[in-house]
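Subject: Structure handover

Hello,

Here is the structure we talked about. My notes follow below it.

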Amino acid sequence: MTIKLYNTLTQHKDDFTPIDPSQVTMYVCGPTVYNYVHIGNARPVVIFDVLYRLLKRNYPNVKYARNLTDVDDKINKAAAENNESIKVLSSRFVDAFHADMAQLNTLAPDLEPRATDNIDAMIEMIQTLINKGHAYESAGNVLFQVSTDANYGKLSKRNLDEMIAGKRVEVESYKKDAGDFILWKPSTDDLPGWDSPWGRGRPGWHIECSAMINKHLGKTIDIHCGGQDLIFPHHENEIAQGTCCHDNGSENFVNYWMHNGYITMNGEKMAKSVGNFFTVRELLDKFPGEVLRFALLTAHYRSPLDWSEETLLQAKASLDRLYGALRGAPIDANDIEHAKIDAVEQFIKDDLATPQALSVLHALAGDANKTEGEEKLLFQKALRRAASYLGLLTLNADEWFRWQPASSNASDGLGAEQIEALIEERLQARKDKDFARSDEIRDELKEQGVTLEDSKDGTRWTRS
Ligand SMILES: [Zn+2]
């Protein structure tokens, strides 16, 4: 089966045909690095990581770029408040972002261009847009004139005339039309800025992505992804810039546009501005990253996902069941083939149908639980491999059941070494027929949330 992707541009689930199958290109709008990311920001990273893994299994080379917006008014403001440079501030949050995303088992992109490293490419693109009559300079700003682009509105399905003439809002004095948007704006001495033909200034946000795509991936790319809130104006503006700067503005900038739905809380979109958010970092204090990842995959990516403690508890319970079926199984399962692995692949190929793919994992866990010996091992390996397509079940089962929040380490509760030592002592007590001491140790561990399970292979312990 070919890969099918819902394309916001055509509003259809389209068969995916790359421009060049030997080099597939994909771009995801990355974070503005001035704070810790919240779980809503993590959704596209995880969802399109599943897409990246799919493409990598099906094509020999995939070039995946995800930008870092490291100059922006919010960054400038935060840096000024902290009395530090934007470079120091953004580097700190880039590191935090990388650490958080690694906890969610997301693969690093092949390219991670930073806005501040690509100012030249932006200036060049802006100059081209001016030369071609699509942009104009006004009071130190450079603006894109949307009325010069007949295709403007094609992604968001907005009508250009309505956008220009229909506006009743007051238009900033430096704009010809209300819909015109900033490509470059002047910086005062206290703000970060770069020399340009229009004076010292800084780029608008939209030009970043167009210029970096053009420079690092090409004139037309295969897939561009992001949250649905980016469709307008960000992606619409990316298209305008990315097509109008080339000779023939009719060429596609991107062939497949993919957008994920919102994460909501009590039905309302999770947003920093509203204040109804959880950072990934605070959630990782309470749950393993894989629980967050699993929770993000339980809804189809185009649907909204309502987030609550219950979402996480259910994800945790599901993973406990799946890992329970993997007890004693090896980590490596690359050599295995199975119809249910193929079923998972088919679901992912069908516009990333992750809820259905997860249900196949549960079926495989059921198969493993019902069988023994070689047969069981086959199901366990199949489960491991199928789960790897979703970036799940990467630990061995014992590691999983012994997970504890970083915040509870050592200071309170027992460390793994202390637990192992007590189990050793209990074993000796039993050999010495000192059952009182043996029971005492079991109870002591139970009080600490550690459960023991004796079997012919020895004593296994888990945290509850
Ligand atoms: Zn972007």
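Strands here are DSSP runs of E with at least two residues, helices are runs of H or I with at least four, and both are numbered from the N terminus.

Before the rest, the ground rules. This is a predicted model, with residues numbered from 1 along each chain as its sequence is written. Local features need pLDDT of at least 70, side-chain atom pairs count only at pLDDT 80 or more, totals for chains, interfaces and linings use all residues, and side-chain values use heavy atoms, with hydrogens and water left out.

**The sheet**

β11 (residues 263–265) pairs with β12 in the antiparallel sense, over two bridges. Pairing requires at least two DSSP bridges between two strands. The open sheet has three strands, ordered β12-β11-β13, with mixed pairing. β12 (268–269) and β13 (305–306) are the edges; each has a single partner strand, so one side of each is left without a neighbour in the sheet.

**Domains 1 and 2**

The protein splits into domain 1 (4–260), domain 2 (264–401) and domain 3 (406–463). These bounds come from an automatic or database domain assignment. The centres of domains 1 and 2, taken over C-alpha atoms, are 31 Å apart. In domain 1, 35 residues contact 37 residues of domain 2 (heavy atoms within 4.5 Å).

The two domains bury about 3100 Å² between them, and carbon and sulfur atoms give 60% of that area. Buried area is the accessible area (1.4 Å probe) that two parts lose on being put together, summed over both. On the domain 1 side, His38, Ile39 and Arg43 lose the most area to domain 2, together 23% of what that side buries.

Five salt bridges cross this interface. The cut-off is a side-chain nitrogen of Lys or Arg within 4 Å of a carboxyl oxygen of Asp or Glu. β1 (4–7), α1 (39–58), α3 (86–103) and β10 (254–260) each supply at least two residues of the domain 1 side that touches domain 2. α1 gives the largest share, 14 residues.

**Salt bridges overall**

The whole structure holds 25 salt bridges. One of them joins Asp73 and Lys185, with the closest N and O atoms 3.1 Å apart. That pair links distant parts of the chain: Asp73 lies in helix α2 (residues 73–82) and Lys185 in strand β7 (residues 181–186), 112 residues apart. Asp350 and Lys13 also meet in a salt bridge, at 2.9 Å, N to O.

Best wishes
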